[in-house]
Amino acid sequence: DRWGSRKVLLAGSTLAGISLLALSIVRTFDWVLLVSFVFGFGTSLLGISGLSLLSGIAEKMKREGTFLGSHVSFVKIGALISYLLAGIIVELSTIPTLFLITGAIILLGVIIGENFLGFHSFPLPSPKRLVNGLFHHR
């Protein structure tokens, strides 16, 4: 953990979210291949650092098995729900729309993690400042 699990977790999440947004607009095989590589890199950072962070918390509480078992359960339940929702989204619209929605949800999670959960790994603006900047033009 040279850079810390939280920073790597948020960096991986950001890469995954941005690459999914990019997958919603790219149309050539070369770009799909490149963006998919970035997505894979981001999700690998996300997965490993997430497990490392969770393991560190569980180790302090002497409940590693419980934490990791719960983590796997939540991942499997999330996968089931996401497969069902993805099918509905694609049936009602298109695959690029699915990538767009998924990327937006991941980036929203990054913003929430940064601003509300106190991770503070990236210099993101506060939500209040962001909303004021978007809706109160001078």
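Predicted model: local features only at pLDDT ≥ 70, side-chain atom pairs only at ≥ 80, totals over all residues.
The protein chain contains 5 helices and 0 strands. Along the sequence, the order of elements is α-α-α-α-α. Of its 138 residues, 21% count as buried. Among contacts with a separation of 6 or more, 62% join residues 24 or more positions apart.

Helix α1 spans residues 5-23, and helix α2 spans residues 29-61. The two pack at an angle of about 155°. Their axes lie 7 Å apart. Angles over 145 degrees count as roughly antiparallel. α1 and α2 are therefore roughly antiparallel to each other. The crossing of α1 past α2 is left-handed. Residues in this contact comprise 15 nonpolar, 10 polar and 1 charged.

Helix α1 also packs on α4. The axes of these two helices come within 7 Å. They cross at roughly 155°. This angle makes α1 roughly antiparallel to α4. Here too, α1 passes in a left-handed crossing. On the α1 side, the contact involves L10, S13, T14, A16, G17, I18, L20, L21 and L23. On the α4 side, the partners are F99, L100, T102, G103, A104, I106, L107, V110 and E114. By class, the contact of α1 with α4 holds 12 nonpolar, 5 polar and 1 charged residues.

Two residues on the α1 side of this contact, S13 and L20, illustrate the surroundings of the helix. S13 belongs to helix α1. Its relative accessible area is 11%. The cut-off for a buried residue is under 20%, so S13 is buried. Beyond residues up to four places away in sequence, S13 touches L46, I106 and V110. Of these, I106 and V110 are listed on the α4 side of the contact with α1.

L20 also has its place in helix α1. With a relative accessible area of 6%, L20 is buried. Leaving aside neighbours within four places in sequence, L20 is in contact with F39, F99, L100, T102, G103 and I106. F99, L100, T102, G103 and I106 are among the α4 residues that meet α1. The C-alpha atoms of L20 and S36 are 8.3 Å apart in space. In sequence, L20 and S36 are separated by 16 residues.

A further pair is formed by helix α3, residues 64-92, and helix α4, residues 95-115. Their packing angle is about 130°. The axes are 8 Å apart. Roughly antiparallel requires an angle over 145 degrees, and roughly perpendicular runs from 65 to 115. α3 and α4 are therefore oblique to each other. α3 passes α4 in a right-handed crossing. From α3, the contact draws on A86, I89 and V90. From α4, the contact draws on I95, L98 and I101. The contact of α3 with α4 has 6 nonpolar residues, with no polar and no charged ones.

Two partly exposed residues complete the description. E64 lies in helix α3, whose range is residues 64-92. The relative accessible area of E64 is 33%. E64 is thus partly exposed. Not counting residues up to four places away in sequence, E64 touches A58 and E59. Both positions fall within the range of helix α2, residues 29-61. The C-alpha atoms of E64 and L54 are separated by 8.5 Å. Along the chain, E64 and L54 are 10 residues apart.

P96 is found in helix α4. With a relative accessible area of 26%, P96 is partly exposed. Residues up to four places away aside, P96 touches S24 and R27. The C-alpha atoms of P96 and L21 are separated by 8.5 Å. Along the chain, P96 and L21 are 75 residues apart. L21 is itself one of the α1 residues in the contact with α4.

Conventions: Residues numbered from 1 in each chain as written. Heavy atoms only, no water. Axes fitted to C-alpha atoms, helices over the stretch in contact; angles between N-to-C directions. Helix = DSSP H or I, 4+ residues; strand = E, 2+ residues; numbered from the N terminus. Parallel < 35°, antiparallel > 145°, perpendicular 65-115°, else oblique. Left-handed = near helix turned anticlockwise from the far one by under 90°. Contact = heavy atoms within 4.5 Å. Nonpolar A, V, L, I, M, F, W, Y, C, P; charged D, E, K, R; others polar. Buried < 20%, exposed > 50% of the residue type's maximum accessible area, 1.4 Å probe, protein only.
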